[in-house]
Amino acid sequence: MSIEIEKKIQNLRKELQEHNYNYYVLDNPLISDFEFDIKLKELQQLEEDHPEFYDENSPTLRVGGAVTDKFNTVRHEFRMYSLDNTYNKEELEDWEKRLYKVLGEEADIEYVCELKYDGASISIRYENGVLKQAITRGDGFQGDDVTTNIKTIKSVPLKLKGNYPDKFDIRGEIILPFEGFQKMNEEKIANGEEPYANPRNTASGSLKLQDSAEVAKRPLECLLYFLAGDYLGVETQFESLEKARSWGFKVPKISAKFKTISEVLKFVNEWDTKRFELPYETDGVVIKVNSYQQQEELGYTSKAPRWAVAYKFKAEQVETILESVTYQVGRTGAITPVANLQAVQIAGTTVRRASLHNADIIDKLGVRIGDAVYVEKGGEIIPKIVGVNLEKRPKNSIELEYATHCPECGTELMRKEGEAAHYCPNEEGCAPQIVGKVEHFISRKALDIDGLGGETIELLYKNNLIHNVADLYELKAEQIIPLERMAEKSAQNIIEGVKASKKIPFEKVLYGLGIRFVGETVAKKLVKHFKTIDAIQKATYDELIEVDDIGTRIAESLIEYFEDEKHQTLLNRLQNYGLQFKLNEEDLPTLESTALEGKTFLFTGKLTLFTRNEAQIMVEKHGGTNLSGVTKKLNYLVAGEKAGSKLAKAEKLGTVEVLSEQQFLDLMN
Ligand code: AMP
Ligand code: ZN
């Protein structure tokens with residue numbers, strides 16, 4: 001029986017691995033996401049029931065979960081060098097001359113051109129075909145061990161295929177494709193948070209997130225370009241790329257071999273424009289001497305190989321006129337200055353507006369209305385102004401004075417200590433804030449109110465029917481019917497939709513309130529932990545940050561929100577209308593005791609007295625809380641047989657009490 005189960009688990013792992021490979025490395029899925037999920041769930045269940053067959057490289061672990069408090073510093077066995085840059089034909093030809101000087105005029109040199117992927121470099125060690133360790137570049141000699149995070153990136157193979165060397169390091173770049181980056185930013189903006197600046201910094205920041213489950217959610221990819229090791233069994237760079245591809249790594253096909261620098265330059269020029277069609281960001285071409293033997297002869301300078309060079313693309317920059325600056329007001333009141341430009345073409349699109357970010361950046365640029373400005377469209381999706389052509393400054397240019405009052409409601413703008421953005425404090429009387437808040441409240445992930453959209457909300461607001469989200473619950477059909485574009489049916493739909501929203505679960509209501517930094521996940525965590533709105537409001541700062549994943553920023557924002565009397569009135573009204581402000585009783589485990597109240601638990605290793613699931617239910621039934629990883633917030637780690645990294649981490653932290661299964665049961669008796 002147990003052999004059969006083990007076999008089944010192994011087969012499922014193999015199968016899922018192959019599907020991951022098809023999907024993430026070859027971009028060619030053979031089954032639907034739905035079918036994949038079913039198989040994954042099946043494997044998850046089997047693994048949960050049979051922890052004795054644990055494998056740290058199982059596809060189920062791609063979702064992350066392990067938490068790293070501090071990343072260990074590790075030495076690179078082979079140093080990670082930087083690359084020298086060139087910016088024009090002459091510099092590239094100079095490099096060629098140096099090559100021939102070392103290798104001899106008769107040398108037969110072949111060049112390999114690859115794109116220079118713009119992300120965060122990583123070195124991943126494989127031993128006997130299994131991923132062992134992933135280290136950031138750091139200073140080139142040593143970097144941070146980010147293995148748990150790298151393992152969640154689906155295009156990174158956990159196990160290799162084919163005929164690979166016993167032991168080697170492979171190097172590549174962790175990147176965030178534009179599409180995924182944009183999605184992440186849309187979510188940020190929807191939550192009233194500052195969007196990420198560019199894909200590259202976001203990718204490199206992702207590697208250092210403490211919660212690997214958070215990393216797993218980000219659509220990161222790993223593109224590989226270099227092997228390091230003692231017995232690789234390859235002779236050339238080009239061959240190494242092909243081999244790595246055959247072992248299951250994602251190695252972009254856009255690489256080519258050339259005999260002359262003029263051919264290399266043709267490749268560079270071609271990709272200088274074609275790169276804009278790629279789904280990810282590149283900032284140049286890397287040119288490498290193909291032969292390993294020649295590479296060895298050429299060697300390294302103190303910081304870079306002599307056998308390779310980067311040719312940097314110019315960020316596309318154009319000059320145009322800054323005609324005016326307008327200010328946008330977001331749902332949270334944050335002000336964004338926007339440059340209105342004389343229309344201009346960049347990278348194939350017409351640009352009329354560019355972000356000016358905030359007052360500090362405007363000051364730094366020293367830009368005036370009427371100035372000729374340089375506009376760049378780089379990794380950022382929104383173009384930005386990077387400089388001023390002072391030679392063209394017109395005599396009548398107007399100094400730019402940052403808005404002092406809200407363009408929408410005229411209220412004096414404020415700026416909080418330590419924050420770059422100005423904001424309009426008139427939460428209750430500023431149209432875009434009111435409409436934006438209601439729009440957020442009714443959105444699908446929040447109260448999901450049918451029949452209402454942005455335009456209708458604006459219409460209701462303009463006709464003085466709503467001033468905040470609570471007013472929705474006072475709406476009457478007779479008031480709506482006479483409005484533009486409205487009729488009996490549409491009015492009735494709105495009333496019905498609003499009524500139905502009273503059944504929407506508390507966590508969505510909490511999210512819908514639009515408290516800064518309280519996104520969907522945070523709302524869920526808060527509700528699970530505190531269970532009622534009263535408990536959340538009464539929670540002190542210390543109690544808030546005790547909760548898994550609630551940090552200082554979120555705690556401060558919550559406290560500030562509940563301290564405001566306007567918000568209290570609003571909450572009272574919503575409660576009176578019958579919205580959900582506590583966790584549904586059916587979801588609450590009936591408390592059997594309060595023996596574990598205020599205590600946090602995590603289970604690891606093979607459990608014999610109960611399953612992990614049973615254990616977690618016991619914790620909840622006795623008033624305790626389950627955590628997902630070893631952090632300072634963890635009180636007890638219950639360790640079964642063969643407990644591994646979590647146990648080691650808990651012991652290292654020193655603040656976690658390690659219990660046996662029996663000791664855990666004793667806590668409740
Ligand atoms: P720099 O960061 O300017 O010193 O450039 C060197 C870095 O470029 C390397 O450390 C790699 O992380 C990165 N890089 C991106 N694509 C490639 C590639 N195809 N070959 C080598 N290095 C690359
Ligand atoms: Zn305003």
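This is a predicted model: local features need pLDDT of at least 70, side-chain atom pairs count only at pLDDT 80 or more; totals for chains, interfaces and linings use all residues.
For four tetrahedral donors the ideal angle is 109.5 degrees.

Helix packing was examined next. Two packed helices are described by the angle between their axes and the distance between the axes.

Helix α1 spans residues 2-25 and helix α2 spans residues 33-49. The two pack at an angle of about 145 degrees. Their axes lie 10 Å apart. The crossing of α1 and α2 is left-handed. On the α1 side, the contact is made by Ile5, Lys8, Ile9, Leu12, Arg13, Glu15, Leu16, His19, Asn20 and Tyr23. Their counterparts in α2 are Asp33, Phe36, Lys39, Leu40, Glu42, Leu43, Leu46 and Glu47. By class, the residues of this α1 contact with α2 comprise nine nonpolar, two polar and seven charged.

Helix α20 (residues 552-563) packs against helix α21 (residues 565-577) at about 75 degrees. The axes of α20 and α21 are 5 Å apart. The angle makes α20 roughly perpendicular to α21. From α20, the contact involves Tyr561, Phe562 and Glu563. These meet Glu565, His567, Gln568, Leu570 and Leu571 in α21. The residues of the contact of α20 with α21 split into four nonpolar, two polar and two charged.

The remaining pair is formed by helix α22 (residues 612-621) and helix α24 (residues 661-668). Here the packing angle is about 25 degrees, with the axes 11 Å apart. That angle makes α22 roughly parallel to α24. The crossing of α22 past α24 is left-handed. Ala615, Met618 and Val619 in α22 touch Phe664, Leu665 and Met668 in α24. The residues of the contact of α22 with α24 are six nonpolar, with no polar and no charged.

Technical notes: Residues are numbered from 1 along each chain as its sequence is written. Chains are lettered from A and ligands numbered from 1 in the order in which they are written. Side-chain values use heavy atoms; hydrogens and water are left out. Axes are lines fitted to C-alpha atoms, for helices over the stretch in contact, and angles run from 0 to 180 degrees between N-to-C directions. Helices (H or I, at least four residues) and strands (E, at least two) are DSSP runs, numbered from the N terminus. Angles under 35 degrees count as roughly parallel, over 145 as roughly antiparallel, 65 to 115 as roughly perpendicular and the rest as oblique. Contact means heavy atoms within 4.5 Å. Ala, Val, Leu, Ile, Met, Phe, Trp, Tyr, Cys and Pro count as nonpolar, Asp, Glu, Lys and Arg as charged, and the others, Gly among them, as polar. A crossing is left-handed if the near helix is turned anticlockwise from the far one by less than a right angle, and right-handed if clockwise.
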